[in-house]
Amino acid sequence: MSTESIYRDAMPALCSVRDALLDEITAIRKDMEEELGMDPIEHLLARIKSEESMREKCRRKGLPETAESALEKIYDAVGLRIVCAFVDDIYTIRDRLLTLPDVEPVEEKDYIRNVKPNGYRSYHIIIRYKKQHYAEIQMRTISMDTWAALEHHLKYKKDISGNTALITEELKRCADELASTDASMQTLRDMIRDL
Amino acid sequence: MKILIAEDTADLNRVVTVMLQHAGYEVDSVYDGEAALEQIDRNGYDAVILDIMMPRMDGITALKTIRAKGITVPVLLLTAKAEIDDRVNGLDAGADDYLPKPFAMKELLARVNAMTRRRIQYASRRLDLNGFSLDTETLALTARNTVRLSMKECELLQLFMQNPERDLGVPYILTHVWAGDGNADQDTVELYVRYLQRKLASTIAPAHMEGSRGKTYRLVLSEVETDDRT
């Protein structure tokens, strides 16, 4: 067993990518707050994927546990989560992020427009920062975040027992109801702004 | 299909019961209104036949009690007197149809068949239009994705789906969706149309709402989208 980090000596670089992205998003957030008259972001979280879960992900993907896998083959060593109050702000933040010269889009997964069969909604984008390090940015509304938290909890209980089919179906219904409420809230905000 | 018949004339009760059973219905028969209510509390029926003149509780009182409990089962009244007031009272009390005595058995059967047929159509109410659907029972609006609507949104969308590509005026919409709600006005309609617009968009339904506050609104259908937002 090697005691060397899977990121080898890249940890300081990953941390600075994380901090730079946080700064970029904070700047976008300030601009939007001035325009909207309200802070578009409820929570902003950033992390470097832990040693243990990165190694686990390499094994799951059948990749060698090397720095190359962790930095070049897997894209979420740096991860950010932006939780917004309103759906439209997700796309505004996304659009502004992509105008930045240091940010280059690699892959987009829009689970808001293409909802997963279980009801999961979230907007994921992988970007490359300064043509070097990758980062995954996940954006969702508060409702989507709440739902994902409960669904995650269920995943780990799945093996136990009980009517999981019913629970899965009901969770899907909750997701579709929350999405409906998100749409209503967005409509109300638009209407208030039109007044 | 299960039918309840309440008729105090034993011979008639038996003849109708046998005839309906012969036609493939499952039939429970009772001889007064109170017994009919007891049966309805215990069982679900696809149709109920009530005689008006019955001991212990008459058919109109039984019918009013059924409707007061919110039970929407189709009800056919048998009226002894061919009096107009009787029929009007019966229909006002919530009957779906009436049949004056004496009647031909085949007419009774035809009316029961018609009532239960309508019931099936109401029960499986799923509207499909241009690649999206509305389930009025689960309130699910489904295209690529699903959202669950509120009751009023569902009723409003149903109205538009039944009148696609047609201008509907605010008064027409208010009478059909908000009948009896004196607080609803053109702002209510405007807001709910906007809700629908958002929700249609979030399911990626190939349709959108057009119109302007206080005037008319229209459900506009578009070509089914295949490519994705990038």
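These are my notebook entries on two chains, their contact and a few single residues.

**Ground rules.** I worked from a predicted model, in which local features need pLDDT of at least 70 and side-chain atom pairs count only at pLDDT 80 or more, while totals for chains, interfaces and linings use all residues. Residues are numbered from 1 along each chain as its sequence is written, and chains are lettered from A, with ligands numbered from 1, in the order in which they are written.

**Chain B overall.** I looked up the secondary structure of chain B and found eight helices and twelve strands, taken as DSSP runs numbered from the N terminus (helices H or I, at least four residues; strands E, at least two). The radius of gyration of chain B is 23 Å, well over the 17 Å that the globule rule gives for 230 residues, so the chain is more spread out than a compact globule; the radius is taken over C-alpha atoms, and the rule is 2.2 Å times the number of residues to the power 0.38. The C-alpha trace of chain B spans about 75 × 35 × 30 Å along its principal axes. I noted that 32% of the 230 residues of chain B count as buried (20 or more other C-beta atoms within 10 Å of the residue's own; exposed is 12 or fewer, partly exposed in between, with C-beta atoms placed from the backbone).

**Where the chains touch.** I found 15 residues of chain A in contact with 17 residues of chain B, contact meaning C-beta atoms, placed from the backbone, within 7 Å. On the chain A side, β3 (103-110) and α6 are the elements that give two or more residues, and α6(A) supplies the largest share, ten residues. By class, that side divides into four nonpolar, five polar and six charged residues (Ala, Val, Leu, Ile, Met, Phe, Trp, Tyr, Cys and Pro are nonpolar; Asp, Glu, Lys and Arg are charged; the others, Gly among them, are polar).

**α6(A) against α8(B).** I then followed helix α6 (residues 164-194) of chain A to helix α8 (residues 186-202) of chain B, where the axes come within 9 Å and cross at roughly 130 degrees, which makes α6(A) oblique to α8(B). Axes are lines fitted to C-alpha atoms, for helices over the stretch in contact, with angles from 0 to 180 degrees between N-to-C directions; under 35 degrees is roughly parallel, over 145 roughly antiparallel, 65 to 115 roughly perpendicular, and the rest oblique. Among the residues that meet here are Ala183(A) and Met191(A) from α6(A), and Leu191(B) and Tyr195(B) from α8(B).

**A helix pair within chain B.** I saw helix α6 (residues 151-162) of chain B pack on helix α7 (residues 170-177) of chain B at about 125 degrees, with axes 10 Å apart. Lys152(B), Glu155(B), Leu156(B) and Leu159(B) in α6(B) meet Ile173(B), His176(B) and Val177(B) in α7(B).

**Single residues.** I checked Cys84(A), which sits in strand β2 (residues 78-84) of chain A and counts as buried with 27 C-beta neighbours inside 10 Å. Asn130(B), although not a glycine, has a positive phi of about 45 degrees and is partly exposed, with 17 other C-beta atoms within 10 Å.

Definitions and conventions. Contact = placed C-beta atoms within 7 Å.
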